[in-house]
Amino acid sequence: MSREMLFHPITESDQDRALSIPVTEPVWWLAADAWRAEAAQRQYRPEWTWIAEDGGRILARAVWWGQADSEHPLALDCLVTDDCVTDRAGVAAELLTAAHKAFLDAGAQRPPLYNIMKLPGGWRDDPAMAAAVAWRQDAAHRAGLTAEVERLQYEWVPDAGIPEPGGRLVFSPEPDDEVFLQALLRVAEGSLDAHTRENEAAHGAEAAAREALEFYLDRPGKREWWRLAHTPDGALAGLAIPSATAYNRNVGYLGVVPELRGQGLVAEILAEITRFHAAEGADRITATTDLGNRPMAAAFDRAGYRNTEVRVILSAPA
């Protein structure tokens, strides 16, 4: 690499060049018109779109995403290099490291996570796709995003049908955040979710639950959508947090207390969330779960949710 390599966010004069880097790898990448459409909503921003430049030639581009009202970027959506780059991971790692430093200097609490998106099931069986993912993983690891999990993305559409109530649970609103926090603590016990386990190990169960509470309070979904689930005799069975993204309705968070797991109650809670969103007119509900959380994946399959993609998510360790 040249000593003149520069890493910086794009300016107006850079925009057309930065958005037109040719990509020949078999992975999803962000097209110029998509960037402009979301930039109009302040979900992509010039200061969150960084390039590596050498002698006036753009060699790599990284595009971070946030909500319209986000102070700092939330996730890296797209990382590409020019085909002329022989050390893709090396150039990309320097680009990410420079951008992370700028985000942290601006007040971000931690580097944004990286979503390698829209991978098909069995993506490792395609050598070209596996190679494209591998150098991106390498670059992310070198830039400090060493915690990695593979997640399954799901969607429900009305053609899948609206599930009927099972009748074994009673759902009720709970406006007190502290009461909801205690329920989050209960359903997180023994969780198969990698992020929950990592946060509990690093910060303790209560801090991890409080982070989850704050995360969903900050989503576009409304607090009044949340429900606690009880058995008919009044015992806490679990909880449902129907949520939303910037694009559509979302399952959000659900869980069952440890002593009642294995009885199919997760399906009843998922059905309640699905019915709630459908009654509000949702024509698409998205959801996600870790590849290793087989009970949750099976519940989505039974409820008519379709697996649409796989994501490799890399983040800084908790």
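# Briefing: Local Features of a Predicted Model

At 18% relative accessibility, Arg 311 counts as buried, because buried means under 20% relative accessible area. The structure is a predicted model.

**Arg 311 and its surroundings**

- Arg 311 belongs to strand β12, which covers residues 306-315.
- A polar contact of 3.2 Å joins the side chain of Arg 311 to the side chain of Glu 309.
- Leaving aside residues up to four places away in sequence, Arg 311 touches Asn 115, Ile 116, Met 117, Lys 118, Val 149, Glu 150, Arg 151 and Gln 153.
- One of these residues, Lys 118, is found in strand β5 (residues 113-119).

**Aromatic pairs**

- The model contains nine aromatic pairs.
- In one of them, the ring centres of Trp 50 and Phe 103 are 6.4 Å apart and the planes meet at 80°, so the pair is edge-to-face; the cut-off for that class is over 60 degrees.
- This pair links distant parts of the chain, with Trp 50 in strand β2 (residues 49-54) and Phe 103 in helix α3 (residues 88-105), 53 residues apart.
- Both Trp 50 and Phe 103 are buried.
- Another edge-to-face pair is formed by Tyr 216 and Tyr 253, at 5.9 Å centre to centre and with 65° between the planes.
- Here too the pair links distant parts of the chain: Tyr 216 lies in helix α7 (residues 205-217) and Tyr 253 in strand β10 (residues 249-256), 37 residues apart.
- Tyr 216 and Tyr 253 are both buried.
- Ring pairs also join Trp 50, Trp 64 and Phe 103 into a cluster.

**A charge over a ring**

- Arg 219 lies over the face of Phe 215, at 4.1 Å from the ring centre.

**The two ends of helix α6**

- Asp 193 caps the N-terminal end of helix α6 (residues 194-203), with a side-chain oxygen 3.2 Å from the backbone nitrogen of His 195.
- Just after α6, Gly 204 has a positive phi of about 100°.

- Most residues other than glycine have a negative phi.
- Arg 42, although not a glycine, has a positive phi of about 65°.
- Arg 42 is located in the loop between α2 (32-39) and β2, and at 42% relative accessibility Arg 42 counts as partly exposed.
- Lys 118 is likewise not a glycine, yet takes a positive phi of about 60°.
- With a relative accessible area of 43%, Lys 118 is partly exposed.

Notes. Residues are numbered from 1 along each chain as its sequence is written. This is a predicted model: local features need pLDDT of at least 70, side-chain atom pairs count only at pLDDT 80 or more; totals for chains, interfaces and linings use all residues. Side-chain values use heavy atoms; hydrogens and water are left out. A polar contact is a pair of N or O atoms within 3.5 Å; within protein, one must be able to donate a hydrogen and the other to accept it, and residues adjacent in sequence count only if both atoms are side-chain atoms. Helices (H or I, at least four residues) and strands (E, at least two) are DSSP runs, numbered from the N terminus. Rings of Phe, Tyr and Trp (its six-membered ring) pair if their centres lie within 6.5 Å; planes under 30 degrees apart count as stacked, over 60 as edge-to-face and the rest as tilted. Buried means under 20% relative accessible area, exposed over 50%, partly exposed in between (1.4 Å probe, protein chains only). A charge sits over a ring if NZ of Lys or CZ of Arg is within 6 Å of the ring centre and within 35 degrees of the ring normal. Contact means heavy atoms within 4.5 Å.
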